[in-house]
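I want to look at how two chains meet, then at one of them by itself.

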Amino acid sequence: MIPPAFDYVRPGTVEEAVRALADGGEEAKVLAGGQSLLPLMRLRMAFPGLLVDAGRVPGLRGTRLEGDTLVIGALTTHHDVLADALVRRHAGLLAAVTATVADPAVRHRGTLGGSLAHADPAADLPAAVLALEGELVAVGPRGRRTIPARAFFVDYLESALAPDELLVDVRLPSSEGWGFHYEKFQRVAQAYAIVGVAALVRRDGGRITEARVSLTNMGATPLRAAAAEEALSGAADAHSVTRAAGSAAVGTRPAGDTSASPEYRAHLARVLTGRAVLAAAGMG
Amino acid sequence: MTRISVKVDGTTYEDEVEPRLLLVHYLRDRLGLTGTPVGCDTSNCGTCTVDLDGVSVKSCSVLAVQTDGCAVTTVQGLAQGGELTALQRAFHERHALQCGYCTPGMLMAARDLLKENPRPTAGEVRHALEGNLCRCTGYQNIVRAVLAAASDEEVPA
Amino acid sequence: MTDGAVEAEVGRSRLRKEDARLLTGQTTWTDNIQAAGMLHLAILRSPMAHARLERVDVSRALERPGVVAAFGGSDLAEGMGSLPCAWPVTEDIVLPDHPPVAVDEVRHAGDPVAVVVARDRYAAADALEAVEVAYEPLPPVLDLEAALADDAPLVHAAKGTNRCYDWPMRAGEDFAAVRERADVTLKRRYHQQRLIPNAMEPRAVVVIPLAASGEYTVYSATQIPHILRVMLAVVTGVPEHKLRVVAPDVGGGFGSKLQVYGEEAIALAVARRLGRPVKWTESRSEGYLATHHGRGMIQDIEIAADRDGRLRGLKVDLLADMGAYLMLVTPGVPILGAFMYPAIYKMDSYEFNCTGVFTTRTPTDAYRGAGRPEATYAIERIMDELAAELGLDPVELRRRNWIRHEEFPYTSIAGLTYDSGNYEAATDKALALFGYDELRAEQRKRNERGDTVRLGIGVSTYTEMCGLAPSRVLRDLRYSAGGWEAASIRMLPTGKVEVVTGTSPHGQGHVTSWSQIAADVLGVPFEDVEVVHGDTRAAPQGMDTYGSRSLVVGGSAVHHAARKVVDKARKVAAHLLEASEQDLEFTGGVFSVKGSPEARKTIQEVAFETFTSHDLPDGTEPTINAEHLLDPENFSYPHGTHLCAVEVDTETGRTRIRSYVCVDDVGRVVNPMIVEGQVHGGLAQGIAQALYEEAVYDDDGNLLSGTMADYPVPSALDLPDFVTDRTETPAESNPLGVKGVGEAGTIASTPAVVGAIVDALRPLGVTDVTMPCTPERVWRAIHGEEGQA
């Protein structure tokens, strides 16, 4: 199908982009990689009056290390994230999750920031950034602000970004040394996750000292499985991990759709949390 | 309307386009490069895959205006001087196409894989093609063909 | 066979002539066609499953930039007939009117409501939003059993019922009596979910008029250019001789393009009114509503057997979802299946009934296998259940019941005469390739250990009927057309050969295979043969491509036509060589005089001599071209044994296919490479039905799996490698000994996969999982909620 008509600007700087967004008001939308937005527009499920193409704004791509924090430009493509040595060292979970996003052609265009700003709870990257306790840096007419990931995902397809704000950076505290794993469960390879579980684990002498577990598609936003995280602390064998994973669905509100019912999603969250944590902890 | 300049299969084109014009429609309807077909409206099928500045993309999910100043290679730009590429030959020799509708996209996706990973395993080939659907072949001969192209095996007719 | 001909080509894996263009993008898909002044159609479709149209107003759409015309249903109704159903299976079938654009009522989500015509596809899509429609909702009709209740809301109120037809068949002894005597009876209900065919090329149609002379060329992404021409003439009133229908490159069909679609009639009507070329191309999500679906049945099947496993009787009751209208062969699809439930088994009694039911959903029609996959699924699944009931190995149960190879020809209880087959050979070969005994041993071990990942083995020993069809049989089944196929061979002056076929390939490789067949008989090089198809002007006669008929009927016709050419050429050669015809030998394309091999003429030289006609025998027509129309004497009956091993993760319900082995007997094989490819693709679609695909509707009749993002077409990562092999038992009913292969993989594989899943979980008390066997359904089955979603 055919996307509806819109106006188009291609700003050359962040400031120009922000001004264009401000001028466009509610009608304006940022075009990053376009891999979520353009299919929605083709189905005429999104009708932005103005697209602000951030694709050529300099300084929004690539990675750098600031102290113990990995900074990834919002317009860095999934493909570039996957190939990046700093990401692999400091945010291995992000690389593991990114490898499961869509397919190679989509990963060449789709961007980390674009995916996060879309705030789809069925998408994989929000859960990764939540587990990594990242921060998102946005620039708007009122300046620059930093939003913690846990405050960024507000509701279904709704982020904390104001319509005139541009996401510029994703900041991830280095998780070097943590074990990580993403367990994604799909109907077919192309489908969204029925449930995904991102696990990040620190071990000391065979015992889990800290575990972070975040869930894809278990509610209107990506969620941390707080009860399971707490129960996992101190777990030293597969049996105790599996038992702790039994509380992974506590506090979640998964939807029902053609792929799965809420009960089954809750069941999967428990099973997959056990598997993800065991793999992350090297206890599998 | 926005003015763009795009190099497609070695020829530079300058055109005024509506911002919403999809790259695949620009190729097909404006340039007459109908070798790249459209198979879906959700970017699932991959039939429209082309090379954009050296990497595979789905041309149904790229706006023509986004390609201003870029170089695009389509399936029509692969064979030079009537000589099929090793990948095209392997698809022929391994019967990796039936109706042929997915073939342009499969070729472009496989070509992209072999650029990054010249000696893939069968599993890696299947991963690399997960965004390209085929309804005729069951994929087995496509995987065989990509592996054959990677090892440059000659297949007796 | 032609006397002394060298049979070099048939049986050889010739690389395809079709590929060069397809690999380089030099294609002729319908949507590629451009013409000066061409207009684009867009179609507004009902968002509701069932509603009365209170008002359709296109006036605001006409004001949109670039819009040339716009029509509601009543604007197009004049001179437009109902879309055709060519298979009224009973005398008293309910045949509702089917206007290409709805006039007063819409009956499924996607039913066309208005047509907009604009200068490009973008303007046409935009203008749809300006069409104003007022819908008065009517109750949807979705449940097949509830639809038959006396007080059910009606899809077609004027018809007074949702019951389209009842089609009964009884053979052999009375089933009730057989059941009474039987040691064991089993009754099961199986669901054939609706499937969306998903040919990779969406449908498209282009009509180019020559308005002054009233002539129209219709290009369509169709499997049936010849049938379409006849039907479009009937529906639109354009005289048949003024219509040319072309199927250019067609990107797959699987039955979905075996149809006469409203859009084809609409495009022709609009081109005729406006005198301008028009194009309509379906988007994928539009196609999910507008292109017919497949399957959609509830199957109640009952089997009666002796304690030793010997089958005594079979009873089948179907409820078949017609959808909202009867399209080209909608009612006939389950009837094709009626003959296949007894499959390869001997029994004393068979009872069948099918009730066609109207619902407010997209119409169903042929999808790869068309009736035979459904039948094969039900019989093979209940055979597994019977084996479990009797404590027999499922392969052993089949052995005790199948027709032995020395019993052919064998007339099945359903009345089909199976001409040849060897079920023992195919099964033995498959079991060996699969490592059946080793896998059974591993399965036992895992079960004993109580593994969370269980192993299951599925068996499918299928047969099917191809080569549609003897015309007299079609008459008896009340099908409106014949089952013949046409071929003609043109010997060109330079010795090159054109084979003109009435089949219409869209991926099957007819150009290559027909070249092989003709080259063998004529003794000319494979490269010297071209095949012309898919254009009613260039290939004027044909019955087109579906039902695995093309090689059996169309390929055989090519063989016969080529033999006629040789016979004609022999007369000319005898004259030129001053010998009697009896003294001529014909080998490798050369006529030579017995005993004096230097006296020779190639058939290609004879073609040139015939072209000049300077020295032909007296009274000889100056041509060696020939034509053959072949009406098949019987169906053909491919068969085979498919074995599937799955691993089922009992914690998540996820199924992984560990190995898949099939040994198919499709008779003599023209091109083994192409045959293997057909099997692979068939397997993929059959496995997709077992594990992945379903057209899901909500309670209001909205299609929830409405885009390719929601309908799980499997990718390369979702399918295994297949091990394929063959046995070759030639068909007796055609000169090539061929049986057809297009649908075999699909027909056989679905029960093998589901059977394997149930086999894996049987120790946990599972006896069925409803298709598609999604992880959730499998998980629920393990937890005692059998088949629930």
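This is a predicted model: local features need pLDDT of at least 70, side-chain atom pairs count only at pLDDT 80 or more; totals for chains, interfaces and linings use all residues.

**Entry 1: the contact.** Next I asked which helices of chain B supply at least two residues each to the side that touches chain C. The list reads H1 (23-30), H2 (86-93), H3 (103-116), H4 (122-128) and H5 (140-151). H2(B) gives the most to that side, with 4 residues. I also sorted the side of chain B that touches chain C by class, and I found 20 nonpolar, 19 polar and 10 charged residues.

**Entry 2: how much of each chain takes part.** I looked up the residues in the contact: 49 come from chain B and 56 from chain C. Then I turned to area. The size of an interface is often given as the accessible area lost when the parts come together.

**Entry 3: salt bridges.** How many salt bridges does the rule find across the interface of chain B and chain C? I wrote down 6. I looked up the one between B:Arg135 and C:Glu693, where the closest N and O atoms are 2.6 Å apart.

**Entry 4: chain B on its own.** I counted 5 helices and 5 strands in chain B. Going along the sequence, I read the pattern as β-β-α-β-β-β-α-α-α-α. The C-alpha trace of chain B spans about 50 × 35 × 25 Å along its principal axes. I then checked the radius of gyration: chain B has 16 Å, which agrees with a compact globule, because one of 157 residues would have a value near 15 Å. I also noted that 66% of the 157 residues of chain B count as buried. Of the contacts in chain B with a separation of 6 or more, 57% are between residues 24 or more positions apart.

**Entry 5: one residue.** I finished with B:Glu83, which I found in the loop between strand E5 (71-73) and H2 of chain B. Is B:Glu83 buried or exposed? B:Glu83 counts as exposed, because its relative accessibility is 53% and the cut-off for exposed is over 50%. Last, I looked up its distance to B:Asp51, which is 32 residues away along the chain. The C-alpha atoms of B:Glu83 and B:Asp51 are separated by 19 Å.

Notes: Residues are numbered from 1 along each chain as its sequence is written. Chains are lettered from A and ligands numbered from 1 in the order in which they are written. Side-chain values use heavy atoms; hydrogens and water are left out. Contact means heavy atoms within 4.5 Å. A salt bridge is a side-chain nitrogen of Lys or Arg within 4 Å of a carboxyl oxygen of Asp or Glu. Ala, Val, Leu, Ile, Met, Phe, Trp, Tyr, Cys and Pro count as nonpolar, Asp, Glu, Lys and Arg as charged, and the others, Gly among them, as polar. The radius of gyration is taken over C-alpha atoms; the globule rule is 2.2 Å times the number of residues to the power 0.38. Buried means under 20% relative accessible area, exposed over 50%, partly exposed in between (1.4 Å probe, protein chains only).
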